[in-house]
Amino acid sequence: MDTTQQRVQLEEQRADLDHTLAALRESGVDPDETPADPSDAGTNLSENDRSQAMIDAAEQQRRLVVEALARIDDGSYGRCVDCDREVPAGRLEARPEAARCVECQQKADRAYA
């Protein structure tokens, strides 16, 4: 499998995620900041929770991208990490960071639900 296109796409994704994470961290709400108006405390907490959730999601996505790049490097990219079957090309085209075939991903999703 020629992974040149996937590598470029994944490296671009990683750069975008790095930029997004830097911006989120820079503009994030400080959880230790005391609001000037006590009635704003709930709003600050909510904004902080939302910011942290966005950071967590971006970090998780970045981890998946880095793992996919490692699979390209070690030659296992395109093989399911669970069953070792080939991951369908359409799935990799849509989600180049995909580590599992559709069947194994559905099992993993159910296990985490």
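Colleague: Start with R63. Is R63 buried, partly exposed or exposed?

Modeller: This is a predicted model. R63 is partly exposed, with a relative accessible area of 38%.

Colleague: Which residue forms a salt bridge with R63?

Modeller: E67 does, with the closest N and O atoms 2.5 Å apart. E67 is partly exposed too, at 33% relative accessibility.

Colleague: Why are E67 and R63 about one helical turn apart?

Modeller: Because they sit 4 residues apart in helix α2.

Colleague: And R85, what does that bridge to?

Modeller: E103, with closest N and O atoms at 3.6 Å. That pair links distant parts of the chain: R85 is in the loop between α2 and α3, and E103 is in helix α4, 18 residues apart.

Colleague: How many salt bridges come out in total?

Modeller: The count is 10. One of them joins R95 and E97 at 2.7 Å, N to O. R95 is partly exposed at 39%, whereas E97 counts as buried at 6%.

Colleague: New topic. How many residues are in the largest nonpolar core?

Modeller: It has 17. Helices α1 and α2 each give two or more residues to this core. α2 gives the most, with 6.

Colleague: What does L10 touch, leaving out residues up to four places away in sequence?

Modeller: Its contacts include V65, L69, I72 and Y77. L10 is also among the residues with the most contacts inside that core. E97, from the R95 bridge, touches L10 as well.

Colleague: Last one: A89, buried or exposed?

Modeller: Exposed, at 55% relative accessible area. A89 is found in helix α3. Its C-alpha lies 9.9 Å from that of M1, 88 residues apart along the chain.

How values were computed
Residues are numbered from 1 along each chain as its sequence is written. This is a predicted model: local features need pLDDT of at least 70, side-chain atom pairs count only at pLDDT 80 or more; totals for chains, interfaces and linings use all residues. Side-chain values use heavy atoms; hydrogens and water are left out. Buried means under 20% relative accessible area, exposed over 50%, partly exposed in between (1.4 Å probe, protein chains only). A nonpolar core is a set of buried Ala, Val, Leu, Ile, Met, Phe, Trp, Tyr and Cys residues joined through side-chain atoms within 4.5 Å. Contact means heavy atoms within 4.5 Å. A salt bridge is a side-chain nitrogen of Lys or Arg within 4 Å of a carboxyl oxygen of Asp or Glu.
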